[in-house]
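Have the sequence and the 3D view open as you go.

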Amino acid sequence: YVFNHAPILAALLLLAACNLFGGAYVSLMPVFASDVFHQGSQGLGFLMTATGAGALTGAYTMTYIPERYLPLALIIVAGMFGVALVLFSQSPIFLLSLALLVPVAFSLMTQAATTNTFIQSHCSEDMRGRVMAFFAMATQGTVPIGALLMGWLADGIGAPKALTLGGAGCIIAAIVAHSRGHLRMRT
């Protein structure tokens with residue numbers, strides 16, 4: 001069913017790509033707190049608080065997106081996630097990085113919630129539960145694999161460069177999703 005419905009497949013693949021390439025940024029927060037910003041556990045607490053504030057804001061904001069704009073929102077927040085991730089990964093200033101984590105978490109949370117709504121509104125009722133299993137796989141199944149990939153990359157080239165590559169992967173995924181044209185606004 002999913003493979004025969006291009007908009008649903010495109011939304012799931014975009015979400016899976018962003019979670020694979022960038023969703024594991026949280027697993028690198030201890031490295032950023034200690035090795036990049038030299039802040040220790042208190043700095044890690046601030047980084048995680050900024051992440052929580054962004055996620056909360058994203059979940060709240062998603063409720064204001066009209067259904068017809070959901071496809072466009074999916075592409076915008078995926079690109080925004082990648083850009084914010086790249087900017088965060090390259091920031092040497094702790095306070096600026098705190099501010100950049102807000103749009104990182106905002107866009108990832110908005111993408112997950114928007115994808116959920118988009119899929120459920122485009123699915124037939126008899127297939128909704130089965131398709132939502134793919135949604136769960138795209139969110140919860142890809143993050144651990146991405147964390148492994150990010151950890152391996154961070155060990156080899158450093159956490160900032162690894163996260164930059166992850167953010168670039170998200171940007172590329174957004175560009176590909178837009179160029180394929182499967183996520184179009186309803187008129």
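1. Start with Cys 170: its relative accessibility is 0%, so Cys 170 counts as buried (buried means under 20% relative accessible area, exposed over 50%, partly exposed in between, with a 1.4 Å probe and protein chains only). Before going on, note that this is a predicted model, where local features need pLDDT of at least 70 and side-chain atom pairs count only at pLDDT 80 or more, while totals for chains, interfaces and linings use all residues. Residues are numbered from 1 along each chain as its sequence is written, and side-chain values use heavy atoms, with hydrogens and water left out.

2. What about Cys 18? At 0% relative accessibility, Cys 18 is buried too. Its sulfur is 4.1 Å from the closest cysteine sulfur, in Cys 170, which is too far for a bond (a disulfide is a pair of cysteine sulfur atoms within 2.5 Å). Cys 170 is likewise in no disulfide, its nearest cysteine sulfur being that of Cys 18. The count for the model comes to 0 disulfides.

3. Next, the core. The largest nonpolar core has 57 residues, and Leu 14, Tyr 25, Leu 47, Phe 88, Ile 119 and Leu 183 touch the most other members. A nonpolar core here is a set of buried Ala, Val, Leu, Ile, Met, Phe, Trp, Tyr and Cys residues joined through side-chain atoms within 4.5 Å. At least two of its residues come from each of helix H1 (6–21), H2 (29–36), H3 (40–62), H4 (70–90), H5 (94–122), H6 (128–157) and H7 (159–180). Helices (H or I, at least four residues) are DSSP runs, numbered from the N terminus.

4. Which residues does Phe 88 touch? Leaving out residues up to four places away in sequence, the list is Met 29, Phe 32, Phe 37, Leu 47, Ser 97, Leu 100, Leu 101, Val 104 and Leu 163. Contact means heavy atoms within 4.5 Å.

5. Have a look at the largest pocket, with about 200 Å³ of space. Of its 11 lining residues, Ala 10, Leu 13, Leu 14, Val 176 and Ala 177 lie nearest the centre. H1 and H7 are the elements giving two or more residues to this lining, and H1 gives the most, with 6 residues. On a 1 Å grid over the protein atoms alone, a pocket is an open set of points where a 1.4 Å probe fits, with protein on both sides within 12 Å along at least five of seven lines; lining residues have an atom within 4 Å of a point.

6. The second largest pocket holds about 150 Å³. Its lining includes Val 2, Phe 3, Phe 134, Met 137 and Thr 142, and H1 and H6 each supply at least two of the lining residues.

7. His 38 deserves a click. It is found in the loop between H2 and H3, and its phi is near 55°, a positive value in a residue other than glycine. Most residues other than glycine have a negative phi. At 63% relative accessibility, His 38 counts as exposed.

8. Last, Met 80 in helix H4. Its relative accessible area is 30%, so Met 80 is partly exposed. Met 80 touches Pro 103, Phe 106 and Ser 107, not counting residues up to four places away in sequence.

Definitions and conventions:
Grid points are joined across faces, edges and corners, and a volume is the space filled by probe spheres set on the points.
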